[in-house]
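Subject: Structure handover

Hi,

Here is the structure for you to look through. My notes follow below it.

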Amino acid sequence: MLYRLVNKLKKVIQKYQRSRLAILLVFAISITLLFILPALTQSPVTLNLLMTAPDAQPWPSIVKDFETKNPGIRVNIIEGPNATNLIEDLYTSAFILGDSPYDLVNMDVIWTPKFAAAGWLLDLTDRISKEELAAFSPKDVEGGRYEDKLYRIPIRSDAGMLYYRKDLLEQGGFEAPETFDDLIKISKALKQQGKAKWGYLWQGRQYEGLAAMFIEVLQGYGGYWINPDTLEVGLDRPETIQAIQFLRETVNQGISPPGVTTYQEEETRRLFQSGQAVFLRSWPYVWPLANEDDSPIKGKIAIKPMVHAAGKSEGACLGGWGLGIAKSSKHPAEAWKAIQYFTTVEAQRSFILKAGYVPSRRELFTDPEIVAKYNHYPQLLEVVDSAVLRPAIAQYAQASDILQRYLSAALTNRMSPEQAMQSAANETRRLLGTRGES
Ligand code: GLC
């Protein structure tokens, strides 16, 4: 009897030991699967980021710094076409198709309302404090908001300005121009004296840069495109026609090359940098390139705010870029880490020294290292502060497309300025659902 009991007990203990072993085994395997294996086999997370080819130039070394500090994250920069609207189209079709490869979204200041309204971006409002945001220029921050939420952190600002050949102006005995008439007069005189082949270069191709350039001329005549608060459209007003006439005159009078209506920023920059023109309207990125050692115009240029009509004030178009996170990204935490790094004072300084970016952080306009290289930066802050934002409306891309089409038709003499702008105004009002002014 006792013998049978001991035997039974022995079996129970053996069974218990076996199951304990099994439990231990299962536990050990789970730990390995959950923690140890992934750590051994984990490949770094890659964040994809698309941008224009010229914009991509200063990024590799800054990305390298970020990756050294964050060994588990890689940033893959994809170089796209030069025109901002083509990059916008690529992001748009990727988001519409649903399986977007992009984690970070490098956004022009005009895209936020559309991308946010479409639900393609993560809301970043709670990730950054008011105090941290206060270090950035308010207009750049504004460009990242839609309906009181923040979707984009500014990487850099931008503002259109007038470049001129101070050597040629001095030789001709001219002061820098203030008005559109001054610019025409000086251009003609220096051309006649054989000092330069062309007077004035501007971006006339049918693309977003045309709209950006045009609102500066429009503002200089006291006109407006769309009032974002009232949605009033000012395209069929006399100021708009005057602005177009000024641009047409520059071509008709041989001050601007006939090909100017096909130029984007880079075509105008190359022509100006080759030494063939007196004036150029462009963005601050031109400065370091035009002053490179092998540039024929190194040390011969100056910048100033855009010219305007007598009695009116000048307008600079506010440009600029910032980073958002795609809602479809599988790595939002890593993407936020990258945004935090790329917007630090240290990374920003590096971008600026490399590429002549306009700071989005205000303190950098007067940073000693930056001012030592670009002594015009403190002045630039004023230009950025008074620059004009293109209308911040969700239908911006369509509104800009309408303006670009009709403006291009008027500038290439396919339509009269009046006809073109009447049609542009009507189409824009239909788009916005507003009624025409009388
Ligand atoms: C610059 C500006 C951008 C603008 C573009 C137009 O990149 O920063 O805001 O839309 O030029 O070409």
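This is a predicted model. Start with the ligand. The residues around the ligand are Thr84, Asp108, Asp158, Tyr207, Glu208, Gly209, Glu265, Trp283, Gly319, Gly320, Trp321 and Arg390.

Asp108 has a polar side-chain atom 2.6 Å from a ligand oxygen atom. For Asp158, a polar side-chain atom also lies 2.6 Å from an oxygen atom of the ligand. In Trp283, a side-chain N or O atom is 3.3 Å from a ligand oxygen atom. How much of the ligand's accessible area does the protein cover? On its own the ligand has 310 Å², and the protein covers 93% of that.

H10 spans residues 208-220 and H18 spans residues 396-411. Their axes come within 9 Å and cross at roughly 80°. Angles of 65 to 115 degrees count as roughly perpendicular, so H10 is roughly perpendicular to H18.

By class, that is seven nonpolar, three polar and one charged residues.

Best wishes

Terms used
Residues are numbered from 1 along each chain as its sequence is written. This is a predicted model: local features need pLDDT of at least 70, side-chain atom pairs count only at pLDDT 80 or more; totals for chains, interfaces and linings use all residues. Side-chain values use heavy atoms; hydrogens and water are left out. Axes are lines fitted to C-alpha atoms, for helices over the stretch in contact, and angles run from 0 to 180 degrees between N-to-C directions. Helices (H or I, at least four residues) and strands (E, at least two) are DSSP runs, numbered from the N terminus. Angles under 35 degrees count as roughly parallel, over 145 as roughly antiparallel, 65 to 115 as roughly perpendicular and the rest as oblique. Ala, Val, Leu, Ile, Met, Phe, Trp, Tyr, Cys and Pro count as nonpolar, Asp, Glu, Lys and Arg as charged, and the others, Gly among them, as polar. A residue is near a molecule or strand if one of its heavy atoms lies within 4 Å of it. A polar contact is a pair of N or O atoms within 3.5 Å; within protein, one must be able to donate a hydrogen and the other to accept it, and residues adjacent in sequence count only if both atoms are side-chain atoms. Accessible areas come from the Shrake-Rupley method with a 1.4 Å probe; for residues, only the protein chains shown count as cover.
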